[in-house]
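Visitor: I would like to learn how to read a few features of a protein model. Please take them one at a time.

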Amino acid sequence: MTFRSTPEPSSRPRPRRWHDLLARWSRRQGHAPPGTSPSPAADTHTADPAGAPETTPPGATTLWRMRTTVRDEPGALAALCAALAGYRVDILALQTHPLTDGTVDEFLLRAPEDLPSAELTDAVTAGGGSDTWVERADAHDLVDAPTRALTLATRTALDAAELPLALRQLFGRCTIHSVPATSLTGRSLDSAPPAEGVLEETVMRLRDPSGGAIIIERPYLPFTPTEFARARALVELDARLGPRIPHGGDVLTLPEGNAVTVRRADTGDLAAAREMHARCSPATLGLRYHGPVGDADRYLAHLLSPRFGRTLAAYTASGRLVALGHLLWDGDETEVALIVEDEWQRRGVGRELLRRLVAMAAETGCESVYAVTQSANTGMVAAMRSLELPLDYQIEQGTLVISARLDQASASAPAPPLPLPAPPHGH
């Protein structure tokens, strides 16, 4: 069981009982990467949505991703391809996943737009396929598998925080939990799987190079041994390269003329973060951590770990850490959190960190971000409002959850560059 610094609010308008939110927070489960442009699953036995046009323009097509199990015998794949051709379905890409008693074939298809998913599934069944799964695809799926794998490996090599995101993009809609080896109190959680990992149909358990376990769940589609091998390869790459984050900084000039350097942070910034805590007032620590002030330092190692998200730090020219901003993976949603040293509050530092964190979230495909604070924290409320995004508010007994929905403009905006070399900080 891992620490979650704040509760999970609703990322989009939908009913949620407040005590469920607080109960989930109190359990302090682990953070997981956000979705990366998931496409809604198509029910293989459901016709097109109600209200769709009865006729489609000539030549109009739709992309589908499909998996089906084919007998491991000569001519089986040919029969399946012939059945698809009978419905004017083009096969754009094909991957094979060998099993002991057959083969799972994964297709990217271009089909006539007026061909319902149920008829597509029937065609596959007639061609000898079984256990068929169909889902709408988009232009991102046109990238071939080797190129996708190399891209994800490159991103993972450059930044340890990318491993959960890379696994999420590799397998589509899934949930990833990073479970530490010990709790915040130092108690062993006995969560580490064997070195070779464990595959249990819809669940993978891999040993996390930073300790503990990485658990990947995809209930709607079992994993294949081929996918298990790909996941192990990415985790092994991460283990061989060790802890790492991009070392670059961006100098920010504040309205009164002072300059701070904003850069990525990790556990190498732990000592500086503890020193900042010591300079913060109990009120500031209480607004950030929502609990006993004495527990604040115990959360830092978790919050600064790249495995659970990304952290931005603001340093003065003299090397003093004055603010931290966290972007934490939380299931299908993403949490943002800020702490700014008392002397540096209301100078625009927190607002700038928040803007950059939201840009990072949008870059990874998040639909929303949320912050949990107290209704008296006017600084955080003002920072969220400064994003100029649609906001939702939930408040009860002084606890305020602010959710910001990321619009298309935000999602397309790149994260601000961090081009300048950062000062060394213990690596």
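Guide: Start with surface patches: they are made of residues with over 30% relative accessible area and no salt bridge, with like charges joined within 9 Å and nonpolar side chains (Val, Leu, Ile, Met, Phe, Trp, Tyr) within 5 Å. A salt bridge is a side-chain nitrogen of Lys or Arg within 4 Å of a carboxyl oxygen of Asp or Glu. The model is predicted, local features need pLDDT of at least 70, and side-chain atom pairs count only at pLDDT 80 or more, while totals for chains, interfaces and linings use all residues. Residues are numbered from 1 along each chain as its sequence is written, and side-chain values use heavy atoms, leaving out hydrogens and water.

Visitor: Which residues form a negative surface patch here?

Guide: Glu113, Asp114, Glu119 and Asp122. Of these, Asp114 lies in the loop between strand E3 (102-112) and helix H3 (117-126).

Visitor: Why does Asp114 count as partly exposed?

Guide: Buried means under 20% relative accessible area, exposed over 50%, and partly exposed in between (1.4 Å probe, protein chains only). Asp114 has 45% relative accessibility, so it counts as partly exposed.

Visitor: How many residues of helix H5 are buried?

Guide: Nine of the 10 residues in H5 (162-171), including Leu163, Arg168 and Phe171. Just after H5, Gly172 has a positive phi of about 75°.

Visitor: How should I read the two sides of a strand?

Guide: In a regular strand, side chains alternate between the two faces of the sheet. In E13, Glu333, Glu335, Ala337 and Ile339 on one side and Thr334, Val336, Leu338 and Val340 on the other are all buried.

Conventions. Areas by Shrake-Rupley, 256 points an atom, 1.4 Å probe, with all protein chains shown as cover. Lys, Arg positive; Asp, Glu negative; His and termini not counted. Charge placed at Lys NZ, Arg CZ, Asp CG, Glu CD. Helix = DSSP H or I, 4+ residues; strand = E, 2+ residues; numbered from the N terminus.
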